[in-house]
Amino acid sequence: GSMLFANVGSLAVGRPGAFQVATPADGLPPVAVSCAVRARDGTIWLGTIQGLYRFPYPFRMEHWNSRHGLVWSFARNGDRVIAGTSAGVAYLNKDREWTVFQGSRQFGSISSVLPDPLGNIYAVVAREGVIQLSPDGSLAARTPLGQGGRGETLARTPDGQVWLAGGGIYRVQRRGSSLSLDPEDLPRDLTSVKGIAVDRRTGELWACSGEGLLHKEAGTWRLIAAPGGPSCLSLAIQANGDVWASYPALGLDHPALVTQEGRRIGELGGFFVGLDTRGWVWGGGGKGVYVAESTQAENSVWLHLNEMDGLTDLDTNRRSFFSDLDGSVWWAADTSIVHFSPQPDLAHPAA
């Protein structure tokens, strides 16, 4: 049931709302295409005014135009990829289409999703509260009305504790059909905490606030002076303990490396920052996506992915980056969903 479209400078294969796209940056010849056909093995043959071209398949980038509005987060729940959309929590079905779980339809925009080992899904109803879905997608529990803590982002520590950042920092606990938010004692009266992340080596928590980074050590939160002033949106913690943060208010697209003393290296900016299974650093801003090996990123040497790499939308969505187990990465920009499987030498091409 897939369709094939070939044009000058672009080639798309898929179904309405879910196309994979290739451009000259992926090896497509930048010439007028007169005809195109896909062979049984997936290879695409292009007839052009300059000759016959053979284009291998599959492509490395997959696109969807979201039917459920903006997408703010991704996660993997067993064999399913799930997403927080403007219409609820959605999952990618076997037909490669996004379907909203019935139990989340009534809540609208979801800013963060977090599955647990049993297949349940925690989700933040944007700035309202937290819901828990059963593995079948039905509603299992929720925070009472008016007690949502202005939630934004979820995280889980290695011991299974679920944490929420929003109007403060809270531990999320289920009591019957209700989810309670137990507030943490923070060093100041902070009214906004945008992002939260876990250091997998130690189980310690990090968070973004308008007054700086917060780090929980030995049960106590410590405020680290903000590098540059504005609040960051998201955090990513490397295996060596280095912390990357995104700062969109500064107007640049790159994330920043922040030491535990609050010192920054390189440029700031961006709507998300994340690490993939290789340890590469990914940053998303208003002009596309940036990627680099950690040593390159420390020196502000970034590879910029934009429309020349097949991206149909460049203005990335906040905190939407997700690194999958197979080494591929997911993010959202405007109403586009992108799934990208980078080649091994993408960040550092061989000479």
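The legends below describe close-up views of a predicted model. Local features need pLDDT of at least 70 and side-chain atom pairs count only at pLDDT 80 or more, while totals for chains, interfaces and linings use all residues. Residues are numbered from 1 along each chain as its sequence is written, and side-chain values use heavy atoms, without hydrogens and water.

**View 1. The protein chain.** The chain has 1 helix and 34 strands (DSSP runs numbered from the N terminus: H or I of at least four residues, E of at least two). Of its 351 residues, 53% count as buried (under 20% relative accessible area, 1.4 Å probe, protein chains only).

**View 2. Lining of the largest pocket.** A pocket is an open set of points on a 1 Å grid over the protein atoms alone where a 1.4 Å probe fits, with protein on both sides within 12 Å along at least five of seven lines; lining residues have an atom within 4 Å of a point. The lining comprises 41 residues, with Arg200, Leu235, Phe321, Phe322 and Ser323 nearest the pocket centre. Elements giving two or more residues include strand 8 (71-77), strand 20 (193-198) and strand 32 (322-323). Strand 12 provides the largest share, 5 residues.

**View 3. Surroundings of Phe340.** Beyond neighbours within four places in sequence, Phe340 is in contact (heavy atoms within 4.5 Å) with residues including Arg60, Met61, Trp282 and Leu346.

Methods: Buried < 20%, exposed > 50% of the residue type's maximum accessible area, 1.4 Å probe, protein only.
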